[in-house]
Amino acid sequence: MAGSLPENVFTAADGQRLQRRLAECESLGQAQTLDDVLHDGEREHHWHLILTLLESDNTATPFVVGRARDHNELDTARRSAANAHRRLRHLLETSPAVLYACDSQPPWELNHISRNLSRLLGLDTDADRIGLLDRVHPDDVERLHAWLQGFSTEHRERRALRYRLRHSRGHYLTVQNEARISRPIREGATPELVGTLLDVSREAELLARLEIMTERIPGLIFQFRRDANGRYSFPYLAGNDRNLQTIDPRLLAADARLGLEQVCRDDLPGVMTAIERSARYGGHYRYSFGCAVSTMNCIG
């Protein structure tokens, strides 16, 4: 650029505009600060200019000195960050999950909550003005407080809880709250409890109907699982069959052997063969076998 006229370095229009800026600085005799976009071929220069008129006894005429800072990369980064922020806000507002962050200690004051909470609860109020804990079903308050108090900064695993929140129309939604203690964003900051709220009312209703059905029909409805290590479990087990009434379902959810021990010894090899065949080929099976006090017909 040295030794060249501005209109020879930049486009004619940009160069002439810069010449006028220099002339204004000289005529006014005052420092000027301005921002301009100058074009050099296909490149853009987002310049922040500081122009100053200098006069000296050692020079015949005063002259203008200036400092130019190119903000092109900074402006590009700002635009990119703004676009990313808009995309994130759009995702949060259209997502079915409500994102929140709150203090990790009582009274668990909210520090942030996504705006779609208002839509979830059918309210026109801004999300950050909604008292969430005040909308918890009275029968769930104690259980929710115990769950919140169970979080620890030493154990940051994710934990989940289902409870009910009051909708603006008066009915209650069943929500699943999944949260964990986050690491501080900056040194010295207090850890927060960060999580999501998801409306699972439809799923909860279906499970409630299933429980009613299983209480009224004879036998058991179950989900039987065989993991990659060959361990068996009953993740779901419901019904009124007397064979397993003496066994805690929570134990069967971890280990199915307590239930399989109820199968008659002569029938157990056939049951296990049917299970392995179904696992290998992905097909259904139907098998009748004897239990400790009755005969069961299993459809899998």
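Arg159 stands opposite Ala179 in strand 7. Strand 7 (residues 172-181) pairs with strand 6 in the antiparallel sense, over eight bridges. Strands pair if DSSP finds at least two bridges between them. Strands (E, at least two residues) and helices (H or I, at least four) are DSSP runs, numbered from the N terminus. The model is predicted: local features need pLDDT of at least 70, side-chain atom pairs count only at pLDDT 80 or more, and totals for chains, interfaces and linings use all residues. Residues are numbered from 1 along each chain as its sequence is written, and side-chain values use heavy atoms, with hydrogens and water left out.

Five strands form an open sheet in the order 5-4-8-7-6, with antiparallel pairing. Strand 5 (110-113) and strand 6 stand at the edges; each has a single partner strand, so one side of each lacks a neighbour in the sheet. The twist averages 25° from one strand to the next.

Helix 5 lies across strands 6, 7 and 8, at about 145° to strand 6. Helix 6 (residues 201-216) packs on the sheet, touching strand 6, strand 7 and strand 8. Its direction makes about 115° with that of strand 7. Contact means heavy atoms within 4.5 Å. Angles run from 0 to 180 degrees between N-to-C directions, with axes fitted to C-alpha atoms, for helices over the stretch in contact.

The second largest pocket has a volume of about 260 Å³. Of its 17 lining residues, Cys102, Trp108, Leu110, Leu132 and Leu133 are the closest to its centre. A pocket is an open set of points on a 1 Å grid over the protein atoms alone, where a 1.4 Å probe fits, with protein on both sides within 12 Å along at least five of seven lines; lining residues have an atom within 4 Å of a point. Helix 5 gives the most to this lining, with three residues.

How values were computed:
Points joined across faces, edges and corners; volume = space filled by probe spheres on them.
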